[in-house]
Each structure stands twice: as structure tokens, then as C-alpha cells.
Amino acid sequence: MSLRDADPEVADILIAENRRQHAKIRLIASENYVSQNVLEATGSVLTNKYSEGYAGRRYYEGQQQIDRIETLAIDRTKDLFGAEHVNVQPYSGSPANQAVYVALARPGDRIMGMSLAGGGHLTHGAGVSISGLHYDAVQYGVDAESGYLDYEAIEKLAVEARPKLLWCGTTAYPRTLDFERFAAIGHKVGAIVVADMAHISGLVAAGVHPSPVPHVDIVTSTTHKTLRGPRGGMIMCRQQYAEAIDKAVFPGLQGGPHNHTTAALAVALKEASTAEFKVYAQAIVDNARVLGEALAGYGFRLASGGTDNHLLLVDSTSRGVVGHNMARSLDAAGIVCNYNLVPGDTRPAMRPSGIRLGTAAVTSRGFGAPEMKQLAAWIDRVASARADEDTDKDARIRVNRDIAAEVRALCDRYPAPGLAPV
Ligand SMILES: *Cc1c(COP(=O)(O)O)cnc(C)c1O
């Protein structure tokens, strides 16, 4: 019996989400469209298998194919990033980071990472996360004026705090990260330096962002952002930390690995090693720059004045609209993003000044410079309608609905990878 016949409720939800992913322009910086082949491997029979342990050292029999797929994913990661040791079992980015804590720190130890407000991740010491609750977290941010990381201030703080772990890596920072500098700062104070390249691992794989691998001790990543793999996590490290990391992932933190995800990751890694992927990653960065320049032309203030990578932080209050109103109106116009704090933001996190825009997903469906300029024009129209005191609510709804129809027409011309026809 088909899913449609057996469970129409779930089938309807899947179809509706397929339609939404087709018909809207997805600018959430952490999202992407995986290829049909990655989807196929994700939905494979490998989901049926338990395989606690590591290749050649499992606690269940029947691992002939599982050992092969996990070894393949590890070898492809090593080749792609030049890593000494790799663990592909973390269920996602947050558990990968948690495994680093389990491996290399004890509860109460001092750790240092970037604040949420500065563009860091929850798992880098935020008070609401286990990383801030169980460890003595010291946080750095970006310079409120320039929007750039201030490495001198970070070094000064590291010298004072002498953390056991120094985290670098971001979720909302539009500029190139100087991993060599972070490594020098951390090693000067005796810290183990961990780079979390979750957002940028696809850019790193393609060589359009410098790699942390030669410089830091541990590298963690998600697999589903710019890398365009299934939802998952991975850890790369120097050989000296290999045993501690592997033990922390299993049995320290997790049980059986998600083998269907490992298979899909292997597929994504092969895709990411192609010349075509280099072109794709460069196009992501080019698109972000073009979108940023066009938005600046419409009077939007950009954090740090622009971007070097796949994302933009846009201060929408520069156009008279607070971030959550901007994000909500854009969604009504068929353009999906998230609201975000901007450097030096004085507004609360749930009511911040800006929005975060990323170009990975739109680049996967083939958008280029002309579409970025069109996108900026739509964002300008949404902001104008939202900010204008004289535009009544009905008129605003009409503007957003008109744009949503134009968005839909553009999306119809660029079918996204992996989606069923709509
Ligand atoms: C997305 C992200 C994570 C978390 O990944 P999940 O898969 O959502 O757990 C961790 N670190 C950084 C820097 C991220 O951007």
C-alpha cells in the first residue's frame, strides 16, 4: 500500500512541504536543497540497521555493508578536507560539539566561544545550552561599530580567561574567519582550539573560504548547510585526539549511528569533491555579494558593510522595519528568512533589528546575479509597504500577495533539486 493510501495525513503534509519548498524563495542561511541522489540514500534500507561501535569493532553482527559505507564516508571526508582522523557518527552539529566537550573538558572547566548575539552558536557557551550550563563559559562578540571580529580583544580575553577549549565558528557572521589567528591565540594560552565550520563547510570544501583543518586541533561541522548533505554532523581531529573523540561519540554520548545518513553523507561528499561543486560554491558567494550590494543600493544597512561568504546580516530598522516584522512580511511575499540580532543591537533577541539572508539554497536551484537584483527589488517593496504609515493593512497584504505571485513565477522557472514536480 502506498504512503498516500496508508497514511493520507502524512502524505498530505509531505506534498504541502514539497510545494512550499518549490514556490518560495528560501533565504534561511543554514538551509539548502540536497540532490535527488542524497535524498535517495537518506531514504534507504540502511535506516533498518543497528551498528553500535566502529568499523571492525561492532557490537552487533551483519555489518558487512555498514562498515563499508562508514569507511567510505570517512575516507571521502579525509580526502576532501585533508583531515587526519574523522568521525561521521554525530547525529547533528550540536551533538558533534557536545562530543568535543565530553572528550576534552570536565563540567565546570572554563571554555571560551562566541556569544549568540555576536553570531556564535548556542553550543559555544550560551547560558541556555548545556555548554553554558555545565561549563564556565566566557564569551566574545564582534565589534559593535565595524561588525568585524576584533582579534586583539579576543586575545586579551583569552589571556585573562585561559580557557581549556577555545571555540571559533559562527552562525551569523558575514566575513571570512581567520582560523590561523584563532589557533595562534588559543595555543598561546594552552587551549585546545575547536573550529565549528557548520555553516561554511561547503565553502571550505570548494576552497572559497580558508580551511581551519591545517591550523586548529578539532574541526566540527554539520553536513546539511553549504555542504548540501543530509542532516548530520562530523568531527575531524588530529590523531592525538582521535581516541578521546571516538569514545565520546560512542559510548559517551550516542548509541547506534544513523547509517542511512552516513550513506547520504558519502554521496554528498563525492558531489562536493567535483569541479562543478567549486563553481556552485563560488556562485553562492557571488550571489551573496550581489544581493548585498543591491540591498545597500536601496538603503539597507548591512552589518560589516557587506559579505565575504554565503550570508548577509541586514539591519532592517535602517528602512524603518524591525526584524521580526520584516521577516513576517517577507514570508507573506514568498521570501523566507529569519530575524536576527545585528552587531551592537539594543533590541531584545525576540524583537531584533535585522534579518539574516543566505544564498546557498537559491544558488542550488540556479539563481544568479539577475535573480539577486530582482530579489533585492522585492525586499525593497516589502520594506516600503511595511514602513509606510499611510499604507493600510489591506494594501500591505495586497503588495505582499502580488510579490508572492511574481516569486512563484520565478520559482517555476527554476525547479529545485530533489523536489517532486508541482
Ligand atoms: C547549525 C550550527 C550548529 C548546530 O547544528 P544542528 O545540526 O542544528 O544541531 C552548530 N554550530 C554552528 C556554528 C551552526 O551554525
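How does the lining of the second largest pocket divide by class? It has eight nonpolar, seven polar and one charged residues. This is a predicted model, in which local features need pLDDT of at least 70, side-chain atom pairs count only at pLDDT 80 or more, and totals for chains, interfaces and linings use all residues. Residues are numbered from 1 along each chain as its sequence is written, and side-chain values use heavy atoms, without hydrogens and water.

**Second largest pocket**
- The volume of the second largest pocket is about 390 Å³.
- Its lining comprises 16 residues, with Leu116, Gly120, Thr171, Asn338 and Asn340 closest to the centre.
- Strand S14 (residues 338–340) contributes the most to this lining, with three residues.

**Largest pocket**
- The largest pocket has a volume of about 580 Å³.
- Among its 22 lining residues, Gln21, Asn32, Tyr33, Val34 and Leu39 lie nearest the centre.
- Helix H2 (8–23) and helix H3 (36–42) each supply at least two lining residues, and H2 gives the most, with four.
- By class, this lining has nine nonpolar, nine polar and four charged residues.

**Terms for the pockets**
- A pocket is an open set of points on a 1 Å grid over the protein atoms alone, where a 1.4 Å probe fits, with protein on both sides within 12 Å along at least five of seven lines; lining residues have an atom within 4 Å of a point.
- A volume is the space filled by probe spheres set on the points, which are joined across faces, edges and corners.
- Ala, Val, Leu, Ile, Met, Phe, Trp, Tyr, Cys and Pro count as nonpolar, Asp, Glu, Lys and Arg as charged, and the others, Gly among them, as polar.
- Helices (H or I, at least four residues) and strands (E, at least two) are DSSP runs, numbered from the N terminus.
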